[in-house]
Every structure is written in C-alpha cells, then in structure tokens.
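Please read this briefing alongside the sequence and the model. The points below are grouped by topic.

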Amino acid sequence: MSIDETIRARIPAELSGMVRSATLRGNVATLVVDAGGLGRSAAAQLQRELEEAVGALDHVSEVRVALMADRKERQIIAVGSGKGGVGKSTLTANLAVALAGMGHKVGVVDADIYGPSQATLLADTPSKLRAEGEKLIPHDSDFGVKFVSMGQLVEAGKAIAWRGPMVGQALSQLMDADWGDTDVLLVDLPPGTGDVQLTMLQKFKPSAAVVVSTPQDLALIDAKRALDLFRQAQVPIAGIVENMAGYMCPSCGDISDPFGKGGAEAAAKELGLPFLGRVPLAMEIRQKSDAGTPPAAAADSDMGKPFIGIAAQLHRALEQVG
Ligand SMILES: Nc1ncnc2c1ncn2[C@@H]1O[C@H](COP(=O)(O)OP(=O)(O)OP(=O)(O)O)[C@@H](O)[C@H]1O
C-alpha cells in the first residue's frame, strides 16, 4: 500500500469522496478537500474529523487540511441584437478572447441556429461534437476559449426546419456541455426574440446581457426590442455596444459614418443603461474575423483595443453582478 493509500485508508468512508488528494511529505500529511456546499461549522467539523483520523497514523506528526470553498458560480452572459448582421458574433468571439486574456476561463455557446459562425471566428476545423456520457465536450480554440455551436449539432442548411422544442433541446445540450472550470459563458444568441431567446431566459437565466447595435435608427429600434425582452426577464443589462461606427478609408484615411454615429450611445443614455464602447467599421476586422484570427488576440493592435476596452468594462460589470 502506498503512503497516500495508507492515509486514504484512515479516512472514514463517508468522507473519502470529498478528499481530492492526500499526500505525505516527511511527517506532514496534506489533504485537499472539496467543501463546496458546506456551511462554516460543517466544514470545521469535517476538518477536525480528518485531522483526527489521519493524525492517528504513526508516521504523521502534522495534518494540514485545505478546504476548497464553493467554486464561484459560472456567469452566463447573453450577447443579443435586435437584427442580424450587426456584428454580434464578431463581438462575442472577441470579448471571449479578451476576457480569457484577463484571466477568465471562457466558453462560448454559439446559439445562432440560423447562422452559426463561431467555428470560423475561432478558427476551428469543422467537426462534430464528441460526447462523454450525457455531456458534449466543447472544442478548444487556439485562443484559450472553449466553444460549442449549433452548427456542430445540425447539418448545414437543415437548421431552418427546426421547430421550437428542438431548438430548446439543442440549446440545453450546448449549455449543459462539460464546461469544466469555465467561469464565464458567453452566449451568441440569434438575432431577434425567438425560441432560442425564450429557452435561454426560461432555463438558463443569464447573469447579464450585452446588446449590440449599429448606430442607425432602424437597428436601434430593433435593439430596443431585444433590450425589452431582457428587462422583462429581469436580466441585468451590462450595456450596449455600438458596432460599425466610423469607417476609415484604407486609401485616403478619411473617416466617414455610413451608418451614422453615436446613436447607440445616445440610446443607452436615454434608456439609462451603460454604454460599453464603440467598434469601428474596418476592413481589417472583417478580414481577421474571416481568417479566424480575432483582432482581440493582438491586444495592442488598433483593432484589438476597442474589444479589449469593452471586455474590461464587462469584466467590471461581472464583478458587480457576480
Ligand atoms: N466592426 C466591423 N468592421 C467590419 N466588419 C465587421 C465588423 N463587425 C462585423 N463585421 C462583419 O460583418 C459581418 C456580420 O458580422 P457578424 O456575423 O458578427 O454579425 P451577426 O450580428 O452575428 O450576424 P448574424 O445575424 O448573421 O449572426 C461579418 O462578415 C463580419 O466580419
């Protein structure tokens, strides 16, 4: 019997499931124990029992018990927009990469059933999701971000025929995948306020929502509808992002505003919501996104900075809601 097994053999059977590791260095036994869900006095009692049991071994003069407290609950951030094509998926991928750079363990759920794009944005080679037991295993991207996608569950072109309950089931499978120690899960929602959004709100209440809009009035009207849905479901709005603002002509350097400017910031002010920042309309963002190299992965690049600024604000908002 190894020394670790000898220690384990001393631990009462009903407690042994909580002991993650047991080691002996010299005469000091160290136990790492999962005390998640235990109150303070139950945890103290557990510690005493373990110290007593293991301390009774001949060659042990000291027992150190490290109680791991509850793991912080995973925070779900819904990224939504009122209409399609405003850059929600681009923002989600870049926020994920930027938050990972800030030390978060980040996962992305691509719930955009009608246009899954995270696999392209995060440079994954297309393949189906693997399952272990009941759980899907998320793919690892090169950017320290795990992800799953509706596109990996359904053959391209068939998703459009899905009915509400199937959509809800698929979303649940993705949300319940084996996320391990992921602490932030960003959900790239389809545009609008359909079945996916409703399932999301009913079954997996997000800790916060981010709404993306382009600056023009029409997009903002739709964005307000998306905001309304989150508000009705009492999901705190972390803020609004304005995407595709300020186009810099690559040849002459002139800045123009094809979709207007400042509309999302004004709307945020009018609605009393935080404005998280503005991302310019830039060819480089489109090219890098298509190539699976999210601009946020190059933290000091001009195109990475806006995303990193927004992620920093989101990080602060998470600390408040979490
Ligand atoms: N700031 C930007 N500058 C240039 N191109 C951008 C920018 N943001 C997004 N795009 C491009 O616009 C297109 C739509 O972006 P994206 O897929 O992120 O939008 P979406 O809101 O998720 O769309 P969908 O409704 O189809 O899911 C993509 O080709 C993307 O590369």
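**Briefing on the predicted model**

The structure is a predicted model, in which local features need pLDDT of at least 70 and side-chain atom pairs count only at pLDDT 80 or more, while totals for chains, interfaces and linings use all residues. Residues are numbered from 1 along each chain as its sequence is written. Helices (H or I, at least four residues) and strands (E, at least two) are DSSP runs, numbered from the N terminus.

**Domains**

- The chain is divided into domain 1 (3–68) and domain 2 (75–321); these bounds come from an automatic or database domain assignment.
- Between the C-alpha centres of domain 1 and domain 2 there are 44 Å.

**Strand 5 and its partners**

- Strand 5 pairs with strand 10 (residues 184–188) in the parallel sense over 5 bridges; two strands pair if DSSP finds at least two bridges between them.
- Strand 9 (residues 145–149) also pairs with strand 5 in the parallel sense, over 5 bridges, and Val148 in strand 9 is the bridge partner of Val109.
- A residue is buried if 20 or more other C-beta atoms lie within 10 Å of its own, exposed if 12 or fewer, and partly exposed in between, with C-beta atoms placed from the backbone.
- Strand 5 (residues 106–110) is largely enclosed by the rest of the structure, because 5 of its 5 residues are buried.
- In a regular strand the side chains alternate between the two faces of the sheet.

**Ligand surroundings**

- The ligand is surrounded by 20 residues, and the closest are Gly84, Gly87, Lys88, Ser89 and Thr90; a residue counts as near a molecule if its C-beta atom, placed from the backbone, lies within 6 Å of it.
- At least two residues of this shell come from each of helix 4 (88–101), strand 12 (237–248), strand 14 (275–281) and helix 10 (283–290).
- The shell holds 7 nonpolar, 10 polar and 3 charged residues; Ala, Val, Leu, Ile, Met, Phe, Trp, Tyr, Cys and Pro count as nonpolar, Asp, Glu, Lys and Arg as charged, and the others, Gly among them, as polar.

**UniProt binding site**

- An unreviewed UniProt entry lists Gly82, Lys83, Gly84, Gly85, Val86, Gly87, Lys88 and Ser89 under "binding site"; UniProt positions are given in the numbering used here, feature names are shortened, and annotations may be inferred rather than shown by experiment.
- Gly82 is placed in the loop between strand 4 (75–81) and helix 4, and Gly82 counts as buried because it has 24 C-beta neighbours inside 10 Å.
- Gly85 is placed in the loop between strand 4 and helix 4, but Gly85 is exposed, with 12 other C-beta atoms within 10 Å.

**Helix 10**

- Ile285, Lys288 and Ser289 are the buried residues of helix 10.
- Seen down the axis of helix 10, these buried residues fall within an arc of 100°, so they line one face of the helix; the arc is that of the directions from the helix axis to the C-beta atoms.
- Met283, Arg286, Gln287 and Asp290 are exposed on the other side of helix 10.

**Positive phi outside glycine**

- Gln234 is not a glycine, yet has a positive phi of about 55°; Gln234 is in the loop between helix 8 (217–232) and strand 12, and is exposed, with 8 C-beta neighbours inside 10 Å.
- Met244, also not a glycine, has a positive phi of about 65°; Met244 lies in strand 12 and is buried, with 25 other C-beta atoms within 10 Å.
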